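Dear colleague,

I am passing on the structure we spoke about, with notes on what came out of going through it. Please have it open while you read.

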Amino acid sequence: MRTSLKLASAAIGAAALLPLGVTTAMAADGSGNANLAPVALNGVNGSGTAMVTVKGDVVSVTLAAKGLLADQPHAAHIHFGADARHECPAAADDANKDGHLTTTEGGPAYGPVVVSLTKTGDTSPSSALAVDRFDTAPGGNLSYQRGDITVAPEVATAILAGQAVVVIHGVDYNGDGKYDGSAMSDLDPKLPAEATDPALCGVLKAAPVGAMATGGGGAAARPEQGLLLAGGALLLAGLGTGAYVVRRARTQA
Ligand SMILES: [Cu+2]
């Protein structure tokens, strides 16, 4: 009697653990949305949205933002760290109390770069500062769409779990319309801090399940179809510039 009871409870324990293991082992499909808001302390008067759809380990990303420094490259990434808070940084993250948040100071909140949202070519963390492949926000408006981004399985899982954070970098502390100033970047000492400090940030939240249910219903909108088509066009356009990838690859944040 006692032995069979033990066995039974052991089996229940194993069954209770199983779903967790399955969820982390295989990437599901779904999407996450983020409202992008100014990063604390960094003086950006802007806003934006991000939408990420996940199909297995391929993600499609759409960004729209306004209020950025115009006509300058804005590095944009998906950040995630298993040990991070899965948040945007707060004023309290200003570790050196200089009144601004660097990308590194935001690390405890959002983790390292896991996807570089480049317009063409490589999207790995090694392209985190590939300045010639990021959007330059003409007129301060950033518009970005790409559909061919392969991510690590744990990144796909994190996006669907509401643990990934979209960050757009590039600020203008002194308001002179360009990246300059005596403070140098924590990521690349050859760049001004203005070029890499975080500007806008938003945590990707899982979209309502109903929004992604296609189920054969004719009425269901399929926004991801247009997205993927656009992404394919971007991919084709990007093939010609693939040579830049290696040259521009730099160490990640
Ligand atoms: Cu970033």
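I begin with leucine 41, which is partly exposed, with a relative accessible area of 36%; here buried means under 20% relative accessible area, exposed over 50%, and partly exposed in between, with a 1.4 Å probe and protein chains only. Leucine 41 sits in the loop between E1 and strand E2 (47-55), where helices (H or I, at least four residues) and strands (E, at least two) are DSSP runs numbered from the N terminus. Its phi is near 75°, a positive value in a residue other than glycine. Aspartate 71 also has a positive phi, of about 60°, although it is not a glycine, and this residue lies in the loop between strand E3 (58-66) and E4.

Before going further, please note that this is a predicted model, in which local features need pLDDT of at least 70 and side-chain atom pairs count only at pLDDT 80 or more, while totals for chains, interfaces and linings use all residues. Residues are numbered from 1 along each chain as its sequence is written, and side-chain values use heavy atoms, with hydrogens and water left out.

As to the chain as a whole, its secondary structure comes to seven helices and nine strands, and buried residues make up 42% of its 253 residues. Taking contact to mean heavy atoms within 4.5 Å, 72% of the contacts between residues at least 6 apart in sequence join residues at least 24 apart. The accessible surface is about 12200 Å², of which 63% belongs to carbon and sulfur atoms; these areas come from the Shrake-Rupley method with a 1.4 Å probe, and for residues only the protein chains shown count as cover.

Next, the metal site. The copper ion has as its protein donors His77 (ND1), His79 (NE2) and His169 (NE2), which lie 1.9 to 2.0 Å from it. Donors are N, O and S atoms within 2.8 Å of the metal (3.2 Å for Na, K and Ca), and since water is not among the atoms, sites may look incomplete. Along the chain the donors follow the spacing H-x1-H-x89-H, and the pair of histidine 77, in strand E4 (residues 76-79), and histidine 169, in strand E7 (residues 165-169), links distant parts of the chain, 92 residues apart. Histidine 77 counts as buried at 1% relative accessibility, and histidine 169 is likewise buried, with a relative accessible area of 1%.

Within E8, leucine 200 is the bridge partner of proline 38. Because six of the six residues of strand E8 (residues 198-203) are buried, this strand is largely enclosed by the rest of the structure.

Cysteine 88 lies in the loop between E4 and helix H2 (107-110) and cysteine 201 in strand E8, so the pair ties together parts that are 113 residues apart in sequence. The link is left-handed, with -95° about the S-S bond. Cysteine 88 is partly exposed at 25% relative accessible area, whereas cysteine 201 is buried at 3%.

Lastly, the interior. A nonpolar core is a set of buried Ala, Val, Leu, Ile, Met, Phe, Trp, Tyr and Cys residues joined through side-chain atoms within 4.5 Å. In the largest such core, of 33 residues, Val61, Leu63, Ile78, Leu117, Ile159 and Ile168 touch the most other members. A second, separate core has seven residues, including Leu101, Val165, Val167 and Val203. In helix H3 (residues 153-160), Val155, Ala156, Thr157, Ala158 and Ile159 are buried. Valine 115, in strand E5 (residues 113-116), counts as buried at 2% relative accessibility. Leaving aside residues up to four places away in sequence, valine 115 touches Ala76, His77, Ile78, Thr123, Ile149, Val151 and Val155.

With best regards

Terms used: Pairing = 2+ DSSP bridges. Disulfide = S-S within 2.5 Å.
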